[in-house]
Amino acid sequence: MPTIKTQALTHIYSQGSPFESIALENINIEISQGEFVGLIGHTGSGKSTFVQHLNGLLLPTGGRVLLDGVDLNSSKKLRHEMRFKVGLVFQYPEYQLFEDTVYKDISFGPRNMKLSKAEIDERVREAAGFVGVPEEIFEKSPLELSGGQKRRVAIAGVIAMRPSVLVLDEPTAGLDPEGCESILKNICDYHEATGATVILVSHSMEDIARYASRLIVFVDGHAAMDGSPEEIFSQADRLRTIGLDVPVVTDIASRLKQLNIDVPDCCYTISQLKSAILSLKKEGAPC
Amino acid sequence: MKPIIQVKDVYFRYEGDDPLSSALNGTTLDIEQGRFVVILGHNGSGKSTLAKHLNGILLPDKGCILVDGMDTRDETKLLEIRRTVGMVFQNPDNQMVASVVEDDVAFAPENLGYPPEEIRLRVDEALKLVDMYDYRLHSPHLLSGGQKQRVAIAGVIAMRPRCIVLDEPTAMLDPAGRHEVIDTIKRLCREHGITIILITHHMNEAIDADRVFVMSNGKVVSEGTPKEVFSNVEALKAEGLTVPDSVELIYQLRLAGLDIPKEALTVEETAQAIATALK
């Protein structure tokens, strides 16, 4: 059974009013436990609307969303339980910190789950460990932290609920390259250590290429493409028409092919292209 | 050429911050008129603090900043300085003030007290320059991120500044929006001679710059053409930065023993360099 399954999912904002607009139309997607999915699409393509359906923050205006086989629309109580299963990290989550200490902020989710004090403490420390929030800052006010640290605390607050599905909407926007890299690495570690499903929304094709094993491309409220990074990034022209891009490495690889250098059809990470080029060199293959 | 902006040994500390940790720590740099300049640096390196000094939003504790020869600490010159250097920030939604695109662009010239005909002229000109004239009667909140950011740039252009400072203008945009904004500012620089100072974390945006400055701990630690700055991969990594993926690829190939020159930056240059090395 897929962890997430949408059946003809449709969402229309302000339905029946003159401002009616279709944000999602007939989305049929299945995501299995443990997948690392990259969600890409231009601004306004429906990505954020889609992810808000995954734990019932938005309810479909048509179709269904099933989480472990349970329809999120069926009862309020179930929806409440499901919120702990699907952790959602919004864009710029640091603006959502509100407690007076880091520890309290991270423990907000587990406290709402009515766990014992010891269990809450364990989860806070575990979550902080995953995202690299040192215990020395537990008693600090979140307001005193740097932007990157705040974001880690916000992500820890979601991870502390031990969600089996972790959804992150642009978790690295506005961070410097080192900050981006280490947050993505942390997410990857969580994915590997817990077997959680991860859904990463990003505008950075490079990040998506490096971490996701499956890409879903949203265009104007439709899930227009769905496949492995190779399958998606081999369609550079189509991606560009819809306002997206391919990683720079993919561009270099296709230019090399034009120059009659026999690199594989679709390279999308530096390490792939590097080993392809080095193996050509070793063989001493004529170019 | 005479620099339009001169930053001379500037120190600045935010009120309430640790006396030992200054945001700017002896920053010195010159920016020539008409250039496309990129400032790189990790979070907290002082880039944005420097940007806010360039049109007198912040004033230095020590040292000085000259904008076209005018000292930003001279209050009588402040208006003229702000007309010379315009600013665009990261979040386009925070910069919109009106409910119609052209009203938004007209905001600054109206405040400067220009006659209505002059305002009309400047607004139309500015919107055409950023390729948003067709949207002049639209509502800003219905535009895409890239379009909003171009309207914000038009709002600055309407003051006819000679220099525009953009602080991470593409951080919140999708790839198409990023291209729109970067293409627009390059055009303003190349075709209209407006000095562009772009602060960014996207290394790829620095490839076409005339000059790149790297900041760390409130100081300029490296400067030069993109080729010069990016050729020193280790130094940039030590500053918590990366290099464009093209440079990283060549760097790793060199480490693996491939004999390949390290000057390539663009996709074309990189592909050609690799092709030559494999021949």
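A salt bridge is taken here as a side-chain nitrogen of Lys or Arg lying within 4 Å of a carboxyl oxygen of Asp or Glu. In this predicted model, Asp68(A) and Lys85(A) form such a pair, with their closest N and O atoms 2.9 Å apart. The two residues are 17 residues apart and link distant parts of the chain. Asp68(A) sits in the loop between strand E4 (62-67) and strand E5 (70-71) of chain A, while Lys85(A) belongs to helix H2 (residues 76-85) of chain A. Over all chains, a search of the whole structure finds 35 salt bridges.

How many salt bridges does the rule find across the interface of chain B and chain A? There is one, and it joins the side chains of Glu268(B) and Arg255(A), with an N to O distance of 2.5 Å. On the chain B side, helix H6 (175-192), helix H9 (245-255) and helix H10 (267-278) each supply at least two of the residues that touch chain A. H10(B) gives the most, with nine residues. Sorted by class, the side of chain B that touches chain A comprises 17 nonpolar, twelve polar and six charged residues.

Turning to the extent of the interface, 35 residues of chain B are in contact with 31 residues of chain A. Together the two chains bury about 3,000 Å², and 67% of that area is on carbon and sulfur atoms. Asp245(B), Leu249(B) and Leu278(B) supply 19% of the area that chain B buries against chain A, more than any other three residues.

Within chain A, a pair of helices also deserves a look. The axes of helix H5 (residues 147-159) and helix H6 (residues 177-194) of chain A come within 12 Å and cross at roughly 10 degrees. Because angles under 35 degrees count as roughly parallel, H5(A) is roughly parallel to H6(A). From H5(A), the residues Arg151(A), Arg152(A), Ile155(A) and Ile159(A) meet Gly179(A), Ser182(A), Ile183(A), Asn186(A) and Tyr190(A) of H6(A). By class, this contact of H5(A) with H6(A) has four nonpolar, three polar and two charged residues.

Key:
Residues are numbered from 1 along each chain as its sequence is written. Chains are lettered from A and ligands numbered from 1 in the order in which they are written. This is a predicted model: local features need pLDDT of at least 70, side-chain atom pairs count only at pLDDT 80 or more; totals for chains, interfaces and linings use all residues. Side-chain values use heavy atoms; hydrogens and water are left out. Contact means heavy atoms within 4.5 Å. Buried area is the accessible area (1.4 Å probe) that two parts lose on being put together, summed over both. Helices (H or I, at least four residues) and strands (E, at least two) are DSSP runs, numbered from the N terminus. Ala, Val, Leu, Ile, Met, Phe, Trp, Tyr, Cys and Pro count as nonpolar, Asp, Glu, Lys and Arg as charged, and the others, Gly among them, as polar. Axes are lines fitted to C-alpha atoms, for helices over the stretch in contact, and angles run from 0 to 180 degrees between N-to-C directions. Angles under 35 degrees count as roughly parallel, over 145 as roughly antiparallel, 65 to 115 as roughly perpendicular and the rest as oblique.
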